[in-house]
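Hello,

Here is the structure I promised to pass on to you. Please have a look at it first, and then read my notes below.

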Amino acid sequence: MNSTRATPAAKSGFLSRRASFRLAGAALLAGAAWFTFQTPGRAAEAVYRIPPPAMDLPAGDAHTATAVLAGGCFWGVQAVFQHVQGVTQALSGYAGGNAGSANYDTVSSGRTGHAEAVQITYDPTRVSYGQLLQIYFSVAHDPTQHNRQGPDVGTQYRSAIFPASDDQRKVAEAYIAQLNRSGIYPKPLATTVENLQGFYPAENYHQDYLAHHPDSLYIVINDQPKIENLAKEYPARFRQTPVLVGG
């Protein structure tokens, strides 16, 4: 299969998340009663049209399972999976480090071992673990980027899968190998498969961020296109109304 990847605009010129925070804060300090980021255009987020995994987990009888995935800023990854049929919750948080360092300011140093991650609770009878990974590798982030996603740089923005079981690990590792053999991507995937030591929910202000701040410049450029790509590439799996942490 040939790659049909959309060519992203040069992301180095876009505001990082911290820069967008600083800009918003400056506007508020200047006395702005209402501040909305506006931009004349948006980036074409990377889209990889990929086959489903050759190996997947059977549905079984259980109606609840979890998957922990990291793919850059958790705002966009959370928002993507909140729009997937069969997902009952997508929670932003931290994985890869210990409980004591699982807070935004410390994780942002890039020295905690944590990645910004999303814990996805889903119904395996409606969507499989492999189908979640297909969305993760194709529209939720660019898995070829090492220790970064777009304007955000650091180990906390790495592409990583944290399997909740040996079976999940086997599916993830087999799918990475399958995709690397496919020739669809321009270079080998940077995604790592790491031990799940624990998942720690992020601060409340990070939850449902896209839903609460749809007009922020960072969201408009980096994350809204992912939702649009999900709807376009996976219409049968797309839910128009997201399932939010805040209800």
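This is a predicted model: local features need pLDDT of at least 70, side-chain atom pairs count only at pLDDT 80 or more; totals for chains, interfaces and linings use all residues.

Let's start with helix α5, which covers residues 166-182. Which residues of α5 are buried? They are Gln168, Val171, Ala172, Tyr175, Ile176, Gln178 and Leu179. Seen down the axis of α5, these buried residues fall within an arc of 165 degrees, so they line one face of the helix.

The face of α5 turned away from the buried side carries Asp166, Lys170 and Arg181, which are exposed. On the buried side, the cover includes the strands β1 (65-71), β3 (115-122), β6 (159-162) and β7 (192-193), along with helix α4 (129-140). After α5 comes glycine 183, with a positive phi near 80 degrees.

Now for the rings: the count of aromatic pairs is six. One of them joins tyrosine 136 and phenylalanine 137 edge-to-face, with 4.9 Å centre to centre and 65 degrees between the planes. Phenylalanine 137 also forms an edge-to-face pair with tyrosine 175, at 5.6 Å and 80 degrees. This pair links distant parts of the chain, since phenylalanine 137 lies in α4 and tyrosine 175 in α5, 38 residues apart. Both phenylalanine 137 and tyrosine 175 are buried. Elsewhere, Trp75, Tyr209 and Tyr218 form one aromatic cluster.

Happy exploring!

How values were computed
Residues are numbered from 1 along each chain as its sequence is written. Side-chain values use heavy atoms; hydrogens and water are left out. Helices (H or I, at least four residues) and strands (E, at least two) are DSSP runs, numbered from the N terminus. The expected span of a helix is 1.5 Å times one less than its number of residues. Buried means under 20% relative accessible area, exposed over 50%, partly exposed in between (1.4 Å probe, protein chains only). The arc is that of the directions from the helix axis to the C-beta atoms. Contact means heavy atoms within 4.5 Å. Rings of Phe, Tyr and Trp (its six-membered ring) pair if their centres lie within 6.5 Å; planes under 30 degrees apart count as stacked, over 60 as edge-to-face and the rest as tilted.
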